[in-house]
Amino acid sequence: MNTLNINGEPIAVAADASTPVLWVLRDNLGLTGTKFGCGIAACGACTVMVDGQAVRSCVLPVGTMAGKRIRTIEGVSASRAGRAVQAAWIALDVAQCGYCQSGQIMSATGLLEQTPRPSDAQIVEAMTGNICRCGTYQRIRAAIHRAAESLA
Amino acid sequence: MNPSWVTKRLAGARQAPPGNRKLSRRGFLQLTALAGGGLVVAWTSPHFLRWGMRRFVGATPSRSEPSDFIRINPDNSVQIQVNRIDFGQGALTALPMLVAEELDIDMDQVRASLAPAGEAYKDPVYGIQMTGGSSGVPNSWMQYREIGAATRTMLVAAAAAKWEVSTDSCTTSSGVVRSGPHSATYASLSADAARQPVPDKVTLRSAAQFKIIGRGQPRLDAVAASQGKKIYGMDVRLPNMKTALLIRAPRFGGRVESFDAATALKVEGVIDVFQVPTDRGGSGVAVIAEGYWPAKEARERVQITWQSGAGGTVSSEDLIESYRKAAQTPVSTALKADPSPSDGAPRNLAAQYWFPYLAHAPMEPLNATFEMTDTGAKVWYGAQFQSTDQLAIAQTLNLKPEQVSLMTLPAGGSFGRRATPTSDYLREGAAIVKVWGERLGRRADPLKMMWSREDDIKGGYYRPAHLHEVKVALDEQGQIVLWDHVIVGQSLSKGTPFESFIIKNGVDSTMIEGVVENIYALPMRLRVTHPDTPVPVLWLRSVGHTHTAYVVETLVDEIARAAAVDPVAWRLARWSKHSQPRHVAALELAVEQSGYGQALPDGHAWGVAVHESFDTVVAYIVDVSIANGRPKVHRVTAGVHANQVVNPTAAEAQIQGGALFGLAMTLPGFEITLKDGVVQQSQFTDYPPPRMADAPSVAVHFVPSAEPPTGLGEPGVPPIAPAMANALAQLTGKRLRRLPFDLS
């Protein structure tokens, strides 16, 4: 039994310590906002924040999470940056199929929490781990700038 | 899939002008008041026997019950059923916009949902329920507007009768009818409206009267998507649901000789491991577990000895050689031309092109959730071909089609992969449920069948590999006297239920689309060979245009440049505003908006390509350089002629996304190769889609038009790769004849 801190709540989970956080969230807890895309940390669909850092939950063993704060898309609006990112995503109609967008929003929130006014190059660097097959990158870039402006 | 062979034939069906028109589905509408207030507008699908798809959908179309299309709720919100899947293209928003426009409600009153499998939701042109061919809005343009307008007419008639005023004195807006001092919400008029006769005629708004159509609307699911609350097939959860993974043979159609599951069964959370039939006459091993992770852990521990099956031992490099040979003796002729002018022509140009297999690789891996019930089965998934899938699942489970309920969930992309005429992954999922139930001796528990990314990349159903060989003969003046074009590639349709509609005279029309139209009116001979290569193939976003546009648009650029003619001028000289008005308008718009021809920084070049697909013309003008051996697209300007654009916000996104989807095909490593029958790629690492750094800024400009809408989901794809290649040829002096590009 592991006790996890997810979106500010302590949650007890019965899962083998090697189980990736992604599958604990999705299968054990029903938090399906975090998506499965590749399983090898290559696409970013499963991105969550652990102690403020955007990480790929599909390769993150749940046994390493004791004492750490996990934030998922379901809890991203708890932060000012998260709310700004969500609002910009909606305002610019970023999502197409939307499947990768939980991960994109988590990565963008992680970026803005560390770098409130990112340059284009910093955006590309922070977002390079997140694949979108619909090709929404142009609006993602614009939405991150918009969110940054709204936080200024 | 590409409907162009159908849309040409049925163009009249959806080209009706706006304004006062006879209701084409009169008698099929039915309004019913809800007990607690509110109104259901149901629609029974007419029987579109004029198009023969019925033949395989079912010999006798069932007399269907009317299904809800619109439901006016007691709170005056309006529930609208969408007869398509939404996997990003925006049907969930665009089709309700059409109803809202004519019903005269505001978009914030709209609640939209994806319709389950049902007679009423069949495509009004094709007669089967499906999403494809960029046809959602074009084919349902009149259907959804007429339903909205007829409902509004009945609501107004109810109000006029109640107030004893003329219907002419009544106005509507925001779901309210008004006349003089009177006003009433649609919901409050429900019971009376249900008693009104369905009108003979409805008056549709003209383009000048549109309040919603043509104005950008955000996706109706944008908020849910931003909160992780949008539920995809992958997110379906049922009580007591288990997860299934399937181990397929390393070669297509391979079979299990023997397997040992002893170690796999020791993984905690694993429930059962057993052999099942798989696609293409193969067999595999299914693993049932409490969730994905134990299923995956167990899957890796199953020991299997395989027999090869129908898949053979194809290797990509051998395939190129055999296709080259096949090109010398093409089997079927699509366009005839007298080849004699090429004899002794002063100039000849011969070019050979290779296009590899491509995987669709949608972000959401394939999945489907099955629940067996007392009466049949329910399946939740990203349903793109409901009518054929329903039959396939029913056959596998020994049920009647009407015993299989399909719930359409939004999908995380498809690009054609969920539109499989063979219903491959659904048959496999149903087979697992069936075999597991037999082993249990009772009804199987609800089961989510999932694919991993490796399953997806290795799983076949690829855009087929193609070889094009073109010989162009020119006279002394540089005029083309013969364009002799041969294409070798697998037929997409052979052996599928679509074969008789798509293959004519031995030619699969999905392979020649994009060249057979002969848009430059050249003396063209077009011949094809469809080899029976044992690799499963499938349409991929923009289908044949993914390769034909590249060949035509790069080769005409090469011919123009060789004649020292600007490639824009070359095209415009061949098109007139009478013969190709939409091509001219799209290209001129792109030229005007891009600043084409102006000096660019050193190391940059302009590139141009124009292509029509799905009745929409897209002209791209690109500014390209080379960085680290990769093409770098700095800017794309798109001139698009898609007639009336229903939702400009979504339309722009489709062109931008289409451009990137096409750009992907040029990037190093973006190809599926086989060696000895085994697919060599398995992940986003060795089959790498574009990332943000690869994504140019795409400025999209639409030619204004009030003509009925044409496709938008696919037409953005084809012209980007040739536009890039044409720019790169200016930088390197080399013509790229193989995708993905190799700039070394």
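B:Glu469 counts as buried because its relative accessibility is 11%, under the 20% cut-off. In this predicted model, the side chain of B:Glu469 forms a salt bridge with that of B:Lys471, at 3.8 Å from N to O. B:Lys471 has a relative accessibility of 40%, so this residue is partly exposed.

The next pair is B:Lys230 and B:Asp221. The salt bridge between their side chains spans 2.9 Å, N to O. B:Lys230 counts as buried because its relative accessibility is 6%, and B:Asp221 counts as buried because its value is 11%. Both residues belong to a network of salt bridges that also links B:Asp86 and B:Arg219. Over all chains, the count of salt bridges comes to 40.

A polar atom of its side chain lies 2.9 Å from the backbone nitrogen of B:Ser452. Beyond its neighbours within four places in sequence, B:Asp455 is in contact with B:Leu246, B:Arg248, B:Arg299 and B:Met450.

Nonpolar residues come next. The largest nonpolar core has 179 residues, and B:Tyr357, B:Trp483 and B:Tyr620 touch the most other members.

The last topic is the interface of the two chains. Here 44 residues of chain A are in contact with 57 residues of chain B. About 4300 Å² is buried between chain A and chain B, and carbon and sulfur atoms give 58% of this area. Three salt bridges are counted between chain A and chain B. A:Arg26 and B:Asp235 meet through their side chains in a salt bridge of 2.9 Å, N to O. There are also 27 residue pairs in polar contact across the interface.

On the side of chain A that touches chain B, α1 (21-28), α2 (80-91), α3 (101-114), α4 (120-127) and α5 (137-151) each supply at least two residues. Of these, α5(A) gives the most, with five residues. By type, the residues on this side of chain A are 21 nonpolar, 15 polar and eight charged.

Technical notes
Residues numbered from 1 in each chain as written. Chains lettered and ligands numbered in written order. Predicted model: local features only at pLDDT ≥ 70, side-chain atom pairs only at ≥ 80, totals over all residues. Heavy atoms only, no water. Contact = heavy atoms within 4.5 Å. Buried area = accessible area lost by both parts, 1.4 Å probe. Salt bridge = Lys/Arg side-chain N within 4 Å of Asp/Glu carboxyl O. Polar contact = N/O pair within 3.5 Å; in protein donor to acceptor, adjacent residues only side chain to side chain. Helix = DSSP H or I, 4+ residues; strand = E, 2+ residues; numbered from the N terminus. Nonpolar A, V, L, I, M, F, W, Y, C, P; charged D, E, K, R; others polar. Core = buried A, V, L, I, M, F, W, Y, C linked by side-chain atoms within 4.5 Å. Buried < 20%, exposed > 50% of the residue type's maximum accessible area, 1.4 Å probe, protein only.
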